[in-house]
Amino acid sequence: MPRYTEPTQKGTTTTGEQRMSLVTTPTLNKGTAFTYDERTRFDLHGLLPLHVETLDDQVNRAYQAYLRKQDDLERHIYLRQLQDTNEVLFYRLVLDHIDEMMPIVYTPTVAQGCQLFSKIYRRPRGLFISYPLRDRIPELLRSRPNREVDVVVVTDGERILGIGDQGVGGLGIPIGKLALYTLIGGIDPARTLPIVLDVGTNNQELLNDPEYLGWRHERITGKDYDEFIDQFVEAVKDELPNTCLQWEDFATPHARPILQHYRDELLTFNDDIQGTAAVALGVVLSALRVSGGSLKDQKFVFLGAGSASIGVADYLRQALVVEGLSEEQARSQFWIVDKDGLLHSKRADLSAEQQVYAQNAESVADWPKTFNGTIGLADVIGKVDANVLLGFSTVGGAFTEAIVREMARKVARPIILPLSNPTSKAEAKPDDLIRWTDGKALVATGSPFPPVKHGESDIFIAQCNNVYIFPAVGLGLVASGATRVTDGMLLAAAHALAENSPALKNPTAPLLPVLTDVRKVAVEMAVAVGVAAQNEGLAPKTNLAALRSNVISCQWSPEYSDVDLSDVDLLEEVEVTQ
């Protein structure tokens, strides 16, 4: 325990406002861990209790406070407040308890945080780019708290997880995503920026709520929306030209068009489309390594046909082509069902992306149909020897016992992935899937679930969460100096993820690495991303050792360092006398 000694230096001539800035700036604040010397140099004596704590002391005290919270929402609010107070302490606490706190920081609890965003709002974090201020977007970007930014996560709040339009409450998602960029990828939190594009909301409950903090207007659409997005992107290109811009939780009509329009103009990707696709591919490849099956022999059935679902199908299809199938052969191995039934060639309501996977209408004309005349999921499973069943429907319980048992009757090791979030929207519960298949199913889910008891074994359930992809991709982009994000980079990350599956060594282990190991696995994935970027001519060429060294050196760790205020101009330059 540090013992108090009289200060040997006189303090600076800093003002009270400057001193308070030091202890209230979350990237600089050490709280009770400021040393005696730092307290003297910056005139902090009196602002802090006399006792000096170590970071370990602070983590223990913060964890005890966390345990006293009564429910998950209160725990979420507590961690957010801690993040807004002392970032090193926040990240160290969560890393030390990552299994316990990941569901609180992000899914599923973040959904409730978004729904109640206006009611639990405490202090600014990130930027609100509002439509009424559309002519001032460059100015708004210049008001960001940190000049240098490696990663921006932006949402318009329209399709938040499985809970829909949350307006400005959607900012909770970029905040949570960027926390994961730091926790898993090691991106410096001082070089991240969450943004919400406030283009109104169609959530009538929010519009009627006197506490709602966003623009009280129905969502803009059409040309107005497109022009606003273009204004935003042009401002990002001018203000943050080397920054990775991640699009998050945009509705299906906007998500893919935005990605397609801008992906060749700046360093950008859509995590719902590409990140979800990459982690799903990774878990399928992991499951096949366990079962011994070949990717090109698999038949895929999807429930849900939104942008995330089609993105996953695209990556699986690309992987099938790499395995030697033609485009036509690869496309024929997908059966995608949405609320209006199986996608087929006679449906006039399909987007161009969905039409890629439309089955020939004549070939399914005599298939059984549901009561409304459409070919439903049960009908498809009855006719197809499906090896892989993926859920993106947000319809809880949609994978019924009859459907799952029929699938397991026809294939030895069915791969079943109920991927909808939050937990209540999952298409099936893992314990049911294991029980209905007598332990044969290989399962991963979108939200966290506890291990399933089967016989004498505990089967651990992987959470097929994008956290396994986007933080490592971000690290790889930053470390390699990539100028664009390509599908090839995401596919490389997926293969590296599969190569690190714990289930390869232990059949009862989860298909994806445990959270306590994922920060280390992120290094391997980031290296794979960097190699792909170099091979595609989108990053400076280096040797593998140099790339790996740069990846590791780019990983920020939550440890206190010497206070250096020169970059933030919080304190005036003064002479310290002995």
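Predicted model: local features only at pLDDT ≥ 70, side-chain atom pairs only at ≥ 80, totals over all residues.
Residues are numbered from 1 along each chain as its sequence is written. Local features need pLDDT of at least 70, side-chain atom pairs count only at pLDDT 80 or more, totals for chains, interfaces and linings use all residues, and side-chain values use heavy atoms, with hydrogens and water left out.

Start with the parallel sheet. Helices (H or I, at least four residues) and strands (E, at least two) are DSSP runs, numbered from the N terminus. Two strands pair if DSSP finds at least two bridges between them. Here 5 strands form an open sheet in the order S1-S3-S2-S4-S5, with parallel pairing. Strand S1 (127–130) and strand S5 (268–270) stand at the edges with a single partner strand each, so one side of each has no neighbour in the sheet. Neighbouring strands are turned by 25° against each other on average, direction ignored. Within this sheet, strand S2 (residues 151–155) and strand S4 (residues 244–247) run parallel and are joined by 4 bridges. Valine 151 stands opposite cysteine 244 in S4.

H10 lies across S2, strand S3 (192–198), S4 and S5, at about 155° to S2. Axes are lines fitted to C-alpha atoms, for helices over the stretch in contact, and angles run from 0 to 180 degrees between N-to-C directions. Contact means heavy atoms within 4.5 Å.

Which helix has an axis that comes within 10 Å of that of helix H10 (residues 172–185)? Helix H6 (residues 98–105) does, and the two axes cross at roughly 155°. H6 and H10 are therefore roughly antiparallel (angles under 35 degrees count as roughly parallel, over 145 as roughly antiparallel, 65 to 115 as roughly perpendicular and the rest as oblique). Ile98, Met102 and Val105 of H6 meet Gly176, Ala179, Leu180 and Ile184 of H10.

Now the mixed sheet. Its 7 strands form an open sheet in the order S8-S7-S6-S9-S10-S11-S14. Strand S8 (341–342) and strand S14 (462–463) are the edges, each with a single partner strand, so one side of each is left without a neighbour in the sheet. Strand S11 (residues 442–445) pairs with S14 in the parallel sense over 2 bridges. Alanine 444 stands opposite alanine 462 in S14. Helix H14 (residues 271–291) lies across strand S6 (300–303), strand S9 (388–391), strand S10 (415–418) and S11, at about 155° to S10.

Next come the cores. A nonpolar core is a set of buried Ala, Val, Leu, Ile, Met, Phe, Trp, Tyr and Cys residues joined through side-chain atoms within 4.5 Å. Buried means under 20% relative accessible area, exposed over 50%, partly exposed in between (1.4 Å probe, protein chains only). The largest core has 118 residues; Leu79, Val284, Phe300, Phe302, Ile469 and Leu477 touch the most other members. Helix H23 (residues 515–535) gives the largest share, 12 residues. Apart from this core lies another, of 31 residues, among them Ile129 and Ile220.

Last, the backbone. Most residues other than glycine have a negative phi, and most peptide bonds are trans. The bond from threonine 107 to proline 108 is cis, with omega near 5°. Proline 108 lies in the loop between H6 and helix H7 (109–115). Aspartate 249 has a positive phi of about 60°. At 2% relative accessibility, aspartate 249 counts as buried. Threonine 394 also has a positive phi, of about 55°. Threonine 394 counts as partly exposed, at 33% relative accessibility.
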